[in-house]
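Subject: Structure handover and findings

Hello,

Here is the structure you were expecting. Please open it beside this email and follow along.

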Amino acid sequence: MPCRKVHPRPYLPPSSTEVFDREAHLNLWLANPRGFCAGVERAVKVVDELISLVDEPVYVRHEIVHNRAVVDALKSRGAVFVEEIAEIPQGALAVVSAHGAPPEVYRDARAAGLRLFDATCPLVSKVHLEVIAHAQAGRTVFLIGHRGHVEVLGTLGHYDNPAGGGIQVVENEQEAREVQARDPQSVAYVTQTTLEVNSANRIVAVLRERFPALIGPHHDDICYATQNRQDAVRVLCERCPLVIVIGAPHSSNSLRMVEVAREVGSAARLIESERDVEPEWFDELADVGLTSSASAPEHLVSAVVRRIQALSPGLVVRELGAPEALVFKLPSALVDMRARHPTFPLYARRS
Ligand code: SF4
């Protein structure tokens, strides 16, 4: 996957904090990695740059990411969020969100003469390609994920073979025990990218027991960002009885991070902003963990840190773990567009 290095956040190993901890009322441990993943970073950048480049509304199908602060900020700059292509005027400029979309969205967009920029995360596109290959081979596909989630709806649409074994969503182990396949020798599975790793593995194990011929992806569909953020939560939980996750109640990867913390025995709070932080959460606690989901920008973390600092003046803030350094390339249509733009800032053309 194409990538370039980004500057890491400062990292202080835990031992370097011990001298401070003795005097602190509260240690706030910030997880790494946290916050925007490469897919979200890319999607937000696509919309942000289009707004800078054109003098017309930029329509976005579905929330570009599941985060109200990000969506509101883009709205205030000229993005218009819609649920259906039919809501977009003929010929307008439109963006498909990081979650991806079924093929009919692209067909409808072409029919409406839209100038479409695809911000589907490359890791979601990878799952689409797997489904297309299984459909061509006529296999029955089990899509492990949450029924109704926008990414799952997009992935389902890529099974385009009426003569094949079809595609069906499997949400849990019970459903894995009940699903049927037209030909048990010709079955495959894919997963939503933002699942909790262990529960997805349990569902796969049930399917594999029932369908020994089950084919899976060469590399897990659960994306690196989801896994890394969940692993970072587990590390936080080793020292923090309370973990605060900045995210959104309708964001799958936020909910999974909360689930992970609770599974390993820590209390977990999902918040959307610093306004949700309650003073009594910190009573009797020496260590609290803070992290943010793949769709939560870093400025929300800073605001939450300031809020906790105001509630607990003896607060010591420390980073734990190491950040990621992956950046996805922007769509080539956007790169071409900004290269042709006479006044687009040079510094922004380099990435
Ligand atoms: S969470 Fe993973 S799959 Fe989803 S946008 Fe981020 S990198 Fe892509």
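**Conventions**

This is a predicted model: local features need pLDDT of at least 70, side-chain atom pairs count only at pLDDT 80 or more, and totals for chains, interfaces and linings use all residues. Residues are numbered from 1 along each chain as its sequence is written. Helices (H or I, at least four residues) and strands (E, at least two) are DSSP runs, numbered from the N terminus.

**Ligand shell**

The ligand is surrounded by 15 residues. The closest are C37, G39, C121, T193 and C223. A residue counts as near a molecule or strand if its C-beta atom, placed from the backbone, lies within 6 Å of it. α2 gives the most, with three residues.

By class, the shell has 10 nonpolar, five polar and no charged residues. For the classes, Ala, Val, Leu, Ile, Met, Phe, Trp, Tyr, Cys and Pro are nonpolar; Asp, Glu, Lys and Arg are charged; the others, Gly among them, are polar.

**Five-stranded sheet**

This sheet is open, with parallel pairing and the order β10-β9-β11-β1-β12. Two strands pair if DSSP finds at least two bridges between them. The edge strands, β10 (267-271) and β12 (316-320), each pair on one side only. Neighbouring strands are turned by 25° against each other on average, direction ignored. Here and below, axes are lines fitted to C-alpha atoms, for helices over the stretch in contact, and angles run from 0 to 180 degrees between N-to-C directions.

β9 (residues 242-246) and β11 (residues 287-292) pair in the parallel sense over five bridges. I244 has L290 in β11 as its bridge partner. α9 packs on this sheet and touches β1 (27-31), β9, β11 and β12. The direction of α9 makes about 175° with that of β11. α10 lies across β9, β10 and β11, and runs at about 165° to β10. For contact, the C-beta atoms of two residues, placed from the backbone, must lie within 7 Å.

**Three-stranded sheet**

The other sheet is open too, with parallel pairing in the order β7-β6-β8. Its edge strands are β7 (167-170) and β8 (187-191), each pairing on one side only. The twist averages 25° from one strand to the next. β6 (residues 140-144) pairs with β8 in the parallel sense over five bridges. Within β8, V190 is the bridge partner of L143.

Two helices to look at here are α5 and α8. α5 lies across β6, β7 and β8, at about 165° to β8. α8 (residues 197-210) touches β6, β7 and β8 as it packs on the sheet, and its direction makes about 155° with that of β6.

**Helix pairs**

α9 and α10 (residues 252-263) pack at about 30°, with axes 9 Å apart. They are therefore roughly parallel to each other. The cut-offs: under 35 degrees is roughly parallel, over 145 roughly antiparallel, 65 to 115 roughly perpendicular, and the rest oblique. The crossing of α9 and α10 is right-handed. A crossing is left-handed if the near helix is turned anticlockwise from the far one by less than a right angle, and right-handed if clockwise.

On the α9 side, the contact uses T226, R229, Q230, V233, R234 and C237; on the α10 side, N253, R256, M257, V260 and A261. These residues divide into five nonpolar, three polar and three charged.

α2 and α12 (residues 332-340) also pack at about 30°, with axes 11 Å apart. That makes α2 roughly parallel to α12. Their crossing is left-handed. V46, E49, L50 and L53 of α2 meet L334, M337 and R338 of α12.

Most residues other than glycine have a negative phi, and most peptide bonds are trans. Two places to check against that follow.

- N32 and P33 are joined by a cis peptide bond, with omega of about -5°. P33 lies in the loop between β1 and α2.
- H62 is not a glycine, yet has a positive phi of about 70°. H62 sits in the loop between β2 (58-61) and α3 (68-77).

Best regards
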